[in-house]
Structures are given as C-alpha cells and as structure tokens.
Amino acid sequence: HISGEYERQYEFKVTEVVKGDIGETVTVFTALNGAICGYNFNIGTEYLVYASGPNDKLRTTICTRTKYY
C-alpha cells in the first residue's frame with residue numbers, strides 16, 4: 001500500500017518478536033523503491049524484519065538485515 005509520495009506501508013502478522021514489544025500485527029514503512037533504500041516486500045512471503053522507530057511508525061530499509069525467513 002502506498003502511503004505517501006515516497007513511502008509504502010506493509011502490514012505483517014507477527015509470529016515471533018526478537019526485541020521490543022509489539023502486537024499480533026504490525027505496520028512497517030519503507031521508501032517507495034530501492035533507489036531510495038526502500039525494501040520491496042513480496043505479499044505472502046515470510047520475512048525476518050529489522051525495523052526501528054516508534055511502534056506506530058516502524059521503518060526498515062534495504063540496508064538493514066531484513067530478509068526472507
């Protein structure tokens with residue numbers, strides 16, 4: 001889902017939390033494309049997501065260790 005001119009938001013079902021305190025689902029924001037460090041998630045694929053920021057505006061980029069799970 002495109003949430004602004006330069007970012008997308010993805011909603012994830014949380015199956016495990018390594019650090020922090022979040023709910024059963026979480027919304028993660030990333031830049032619109034890889035040219036500006038956005039992570040291109042594939043719908044229906046499981047990921048290990050490294051995100052930071054407040055729980056209502058978690059962000060990730062291609063420079064984190066986010067990867068297929």
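**Exercise 1. In which strand is threonine 30 found, and is this residue buried or exposed?**

*Solution.* Before starting, note that this is a predicted model, in which local features need pLDDT of at least 70 and side-chain atom pairs count only at pLDDT 80 or more, while totals for chains, interfaces and linings use all residues. Residues are numbered from 1 along each chain as its sequence is written, and side-chain values use heavy atoms, with hydrogens and water left out.

Step 1. Threonine 30 is found in strand β2, where strands (E, at least two residues) are DSSP runs numbered from the N terminus.

Step 2. Threonine 30 has a relative accessibility of 2% and therefore counts as buried, the term being used for under 20% relative accessible area, with exposed meaning over 50% and partly exposed in between (1.4 Å probe, protein chains only).

Step 3. A polar atom of the threonine 30 side chain lies 2.9 Å from the backbone oxygen of threonine 60. Not counting residues up to four places away in sequence, threonine 30 touches several residues, among them Tyr10, Cys37, Tyr39 and Thr60, contact meaning heavy atoms within 4.5 Å.

**Exercise 2. Describe the surroundings of threonine 66.**

*Solution.* Step 1. Threonine 66 is found in the loop between β4 (58-59) and β5 (67-68), and with 7% relative accessibility this residue counts as buried.

Step 2. The side chain of threonine 66 makes a polar contact of 3.0 Å with that of threonine 60 and another, of 2.9 Å, with that of threonine 64. A polar contact is a pair of N or O atoms within 3.5 Å; within protein, one must be able to donate a hydrogen and the other to accept it, and residues adjacent in sequence count only if both atoms are side-chain atoms.

Step 3. Leaving aside residues up to four places away in sequence, threonine 66 touches Tyr39, Phe41, Leu48, Val49, Tyr50 and Thr60.

**Exercise 3. How many aromatic pairs does a search of the whole structure find, and which residues do ring pairs link into a cluster?**

*Solution.* Step 1. The search finds seven aromatic pairs. Rings of Phe, Tyr and Trp (its six-membered ring) pair if their centres lie within 6.5 Å; planes under 30 degrees apart count as stacked, over 60 as edge-to-face and the rest as tilted.

Step 2. Phenylalanine 12 and phenylalanine 41 form an edge-to-face pair, at 5.0 Å centre to centre and with 75° between the planes. This pair links distant parts of the chain, 29 residues apart, with phenylalanine 12 in strand β1 (residues 7-13) and phenylalanine 41 in the loop between β2 (25-31) and β3 (47-48).

Step 3. The rings of phenylalanine 41 and tyrosine 47 are also edge-to-face, because their centres are 4.8 Å apart and their planes stand at 90°. Phenylalanine 41 is buried, with a relative accessible area of 5%, and tyrosine 47 is buried at 11%.

Step 4. The cluster linked by ring pairs consists of Tyr10, Phe12, Tyr39, Phe41, Tyr47 and Tyr68.

**Exercise 4. What elements does the protein chain contain, and what share of its residues counts as buried?**

*Solution.* Step 1. The protein chain has zero helices and five strands, helices being DSSP runs (H or I) of at least four residues.

Step 2. Of the 69 residues of the protein chain, 23% count as buried.

Step 3. Along its principal axes, the C-alpha trace of the protein chain spans about 30 × 25 × 20 Å.
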